[in-house]
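These are my notebook entries on one protein chain. I set down what I looked up, in the order in which I looked.

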Amino acid sequence: VRPLDRFGSIKVKLSLVVVAGVFISAVVSSIGYRLEVPLWLRPLIALGLALLVVYPFSRGITAPLREMAEASRAMAEGDFTHPVTATSRDEVGELARAFDQMRAELAEVERQRRALIANVSHELRTPLTSLRARFENIVDGVQTNDAATAAASLAEIERLSALVEQVLDLSRLEAGVAPLEVERFPVDSLLCDAVASAAPDGLDTRVAIGVRDDLDYVGDRARIHQVVTNLVDNALRFSPDCSPVRVVAGPSEDGIALTVSDLGPGIEEAERHRVLERFYRTDDARSAADGGTGLGLAIVSEIVDLHGGSIEIGTNRPTGCRVTVRLPHLETSAT
Ligand SMILES: Nc1ncnc2c1ncn2[C@@H]1O[C@H](COP(=O)(O)OP(=O)(O)OP(=O)(O)O)[C@@H](O)[C@H]1O
Ligand SMILES: [Mg+2]
């Protein structure tokens with residue numbers, strides 16, 4: 001029980017404790033005077049009584065501090081599970097609540113870090129295992145290393161290097177060591193280039209681009225190229241063959257808005273914020289044989305964040321996915 005919890009300030013609490021102490025010693029000395037208690041004994045009795053009353057009161061002031069110290073020690077050892085209970089409304093309570101929030105956020109960062117390592121190793125292991133099995137068979141003479149086998153191995157190796165490249169890129173983006181190279185560029189040529197690199201030969205006829213030819217954007221061209229490529233790649237991969245994909249760009253209040261839409265199954269409402277996480281794939285995508293690694297949208301989201309923009313995932317009527325990216329213009333001098 002912390003009887004002082006309902007006071008909102010440490011100053012008030014300390015004053016109350018002092019007043020209680022003074023009051024007790026006054027009462028004890030006047031009663032002691034009447035009962036003719038020896039003079040040397042009166043301060044001792046007052047002191048004892050004051051300590052007895054004040055101690056439980058002051059505990060309420062210091063308990064959260066002790067809890068925080070304990071939680072910090074646990075956190076230093078990597079244990080983020082010690083919650084700090086803050087019942088008081090004063091400054092210490094406020095500190096304790098801020099501390100607990102920090103603890104929860106650090107716990108989440110730690111969880112993500114572990115998940116990342118687990119995911120990366122899992123994603124690396126799959127192609128490595130199949131490469132290894134294939135080469136073991138070749139060495140044992142069970143399989144010949146003909147052109148088809150070599151092509152399959154090469155595809156696996158390309159997948160591995162693409163994955164490593166994506167992970168490195170993502171960590172560069174997150175660490176902020178890859179400064180944006182800001183320039184003004186025409187959006188239509190960017191969209192054409194990006195669609196061409198997302199769509200292998202022949203597929204680009206599925207993609208319709210809608211943009212005015214005088215629309216410019218000020219930002220990092222290569223990064224925005226990456227954003228469009230990833231979105232178009234998803235739209236092509238997650239919608240039926242031959243179904244159309246639309247890429248539309250137009251001006252928005254302080255920049256541009258890019259929309260990529262397809263007629264595929266779309267993304268369920270509940271999963272819309274999760275697909276931006278690293279390695280997150282919906283079940284449909286995970287069971288698909290040619291599924292990616294789930295890093296594309298995480299990279300898109302980092303790039304959009306760096307540009308101060310936003311991503312909105314919605315549905316395309318009657319079915320399909322519609323991803324809108326809003327990007328404010330950057331300052332040309334900004335890095
Ligand atoms: N246009 C879309 N239609 C339906 N689902 C989509 C669409 N775009 C993304 N998704 C879902 O979001 C998940 C995450 O997308 P993301 O681009 O991050 O990963 P990926 O395409 O699976 O792999 P990567 O882009 O790394 O090759 C996808 O696996 C898929 O489940
Ligand atoms: Mg993708």
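Conventions. I worked on a predicted model, in which local features need pLDDT of at least 70, side-chain atom pairs count only at pLDDT 80 or more, and totals for chains, interfaces and linings use all residues. Residues are numbered from 1 along each chain as its sequence is written, chains are lettered from A and ligands numbered from 1 in the order in which they are written, and side-chain values use heavy atoms, with hydrogens and water left out.

Overall form. I counted 8 helices and 7 strands in the protein chain; helices (H or I, at least four residues) and strands (E, at least two) are DSSP runs, numbered from the N terminus. The radius of gyration is 32 Å, whereas a compact globule of 335 residues would have one near 20 Å; the radius is taken over C-alpha atoms, and the globule rule is 2.2 Å times the number of residues to the power 0.38. Along the principal axes, the C-alpha atoms fill a box of roughly 110 × 60 × 40 Å. I found 38% of the 335 residues buried (under 20% relative accessible area, with exposed over 50% and partly exposed in between; 1.4 Å probe, protein chains only).

Second largest pocket. I noted a volume of about 440 Å³, and a lining of 20 residues, with Gln112, Leu276, Glu277, Arg278 and Ala298 nearest the centre. A pocket here is an open set of points on a 1 Å grid over the protein atoms alone, where a 1.4 Å probe fits, with protein on both sides within 12 Å along at least five of seven lines; lining residues have an atom within 4 Å of a point. A volume is the space filled by probe spheres set on the points, which are joined across faces, edges and corners. Helix H3 (91-140), helix H8 (296-306) and strand E6 (310-315) each supply at least two lining residues.

Arginine 134. I located arginine 134 in helix H3 and found it buried, at 14% relative accessible area. Leaving aside residues up to four places away in sequence, arginine 134 touches Gln143, Thr149, Ala152, Ser153 and Glu156 (contact means heavy atoms within 4.5 Å).

Positive phi. Glutamate 36, in the loop between helix H1 (10-34) and helix H2 (41-76), has phi near 55° and is exposed at 67%. Phenylalanine 279, in the loop between strand E5 (255-261) and helix H7 (283-287), has phi near 65° but is buried at 7%.
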